[in-house]
Amino acid sequence: MKGLFFSSIGLLTVLFVSSCSSDGQDGEKKSIDKEIVDKDAALNTNFDGKIFSIPSPIQTALLIKLVNAPFDETLLNPTENVSNYTDEQKQALNLGIYGTDLGYAAIYEQKSISMKYLSVVEKLTGELGLSKAFDKNFMSNFEKHADNQDSMMVVVSDAYKNADRYLKASNRKATSALILTGGWVESLYYACELNKMKSNKKLVDRIGEQKETLYTIIEILEEYNKEGSNNDLIQEMKDLKLYFDKVGVDYIFVQPTTDAKNKTTTLRHKIVYSIATDILNQISNKVESIRNKIIN
């Protein structure tokens, strides 16, 4: 396992990145979905017939380790904050936050911290009515496989998929949208904060890539804005969008690939993002502000 994170339970393709398969709880060899294996795969999510393509935020978490950034526990939302989240919006947003924190700790093999954040995730899923997906059997399997990153990934992946199905069947897409948003904000917060500590082009590129993702998130939040409950959050995201609008995007031609056997040619291009230093600082400050409003 290279990383552990979920972006949303309703938009969810669980985002655990791995290069191999792992054993299931019954000893059967289990395979990991392509979206989980492919670090460049987007999340293609269906909401009422609309397809939303969202880059996996786990890519950011994985990138953080690849650029040799040390684990920093101060980036996490303190577990004691969970008792402050009493309404569904706060619980859903912070389930996204804590899920990302769980993944970040797992990437760095911080077992004791991972277990603490797993308990918080369990508490919030219970309060959101998702206990069937995260039952005692799930907790037991997670603890059993805590030393086997690949197996742990599959155990959690299965649980989140169950929660995904439950939310969709229960027509709770608004909750799903909030979980996605919380997870995305937290992963972007990581990238911005670590880049402040030590600027890294790969991190800056990853931040720039979130320009299109932000547009998608705003659209989803607006689509599932239950009785205007997301109005403040949507405005915060639109304020953030004003800075991302200034991020440059260049499409560079890449030599097409031809499949002679099937007589097909695939046209390709590379997308390059450019961010001025002052714009990057404004994005970082706004992301921190949004994140603080979510966790406080």
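Glu227 is exposed, its relative accessible area being 81%, and it sits in the loop between α8 and α9 (231-244). The model is predicted. Its chain holds ten helices and six strands, and 53% of the 296 residues are buried.

**Chain as a whole**

- The chain exposes about 13600 Å², of which carbon and sulfur atoms supply 47%.
- Of the contacts between residues at least 6 apart in sequence, 70% join residues at least 24 apart.

- Glu227 is not a glycine, yet its phi is positive, at about 55°.
- Asn68, also not a glycine, has a positive phi of about 65°.
- Asn68 belongs to the loop between α2 and α3.
- With a relative accessible area of 67%, Asn68 is over the 50% cut-off, so Asn68 counts as exposed.

**Helix α8**

- Helix α8 covers residues 201-223, which is 23 residues.
- At 1.5 Å a residue α8 should span 33 Å, and its end C-alpha atoms are 34 Å apart, so the two values agree.
- A kink of about 40° is centred on Glu212 in α8.
- The N-terminal end of α8 is capped by Asn200, which places a side-chain oxygen 2.8 Å from the backbone nitrogen of Lys202.

**Helix α7**

- Helix α7 covers residues 173-197, a run of 25 residues.
- Most of α7 is covered, with 23 of its 25 residues buried.

**Aromatic pairs**

- Six aromatic pairs are found in a search of the whole structure.
- In one of them, Phe71 and Tyr108, the ring centres are 5.6 Å apart and the planes meet at 50°, so the pair is tilted; that angle falls between the limits of 30 degrees for stacked and 60 for edge-to-face.
- Phe71 lies in the loop between α2 (58-66) and α3 (88-107), while Tyr108 lies in the loop between α3 and α4 (111-127).
- The Phe71 and Tyr108 pair therefore ties together parts that are 37 residues apart in sequence.
- Tyr108 has 14% relative accessibility, which is under the 20% cut-off, so Tyr108 counts as buried.
- Phe71 and Tyr108 also belong to one aromatic cluster, together with Tyr104 and Tyr190.

- Val249 is part of strand β5, which runs over residues 248-259.
- Its relative accessibility of 23% lies between the 20% and 50% cut-offs, so Val249 counts as partly exposed.
- Setting aside neighbours within four places in sequence, Val249 is in contact with Lys211, Ile271, Val272 and Tyr273.
- Val249 and Gly208 are 41 residues apart along the chain, and their C-alpha atoms are separated by 8.6 Å.

Note on methods:
Residues numbered from 1 in each chain as written. Predicted model: local features only at pLDDT ≥ 70, side-chain atom pairs only at ≥ 80, totals over all residues. Heavy atoms only, no water. Helix = DSSP H or I, 4+ residues; strand = E, 2+ residues; numbered from the N terminus. Expected span 1.5 Å × (residues − 1). Bend = angle between axes of the 7 residues up to and from the residue. Polar contact = N/O pair within 3.5 Å; in protein donor to acceptor, adjacent residues only side chain to side chain. Buried < 20%, exposed > 50% of the residue type's maximum accessible area, 1.4 Å probe, protein only. Contact = heavy atoms within 4.5 Å. Areas by Shrake-Rupley, 256 points an atom, 1.4 Å probe, with all protein chains shown as cover. Phe/Tyr/Trp six-rings, centres within 6.5 Å; stacked < 30°, edge-to-face > 60°.
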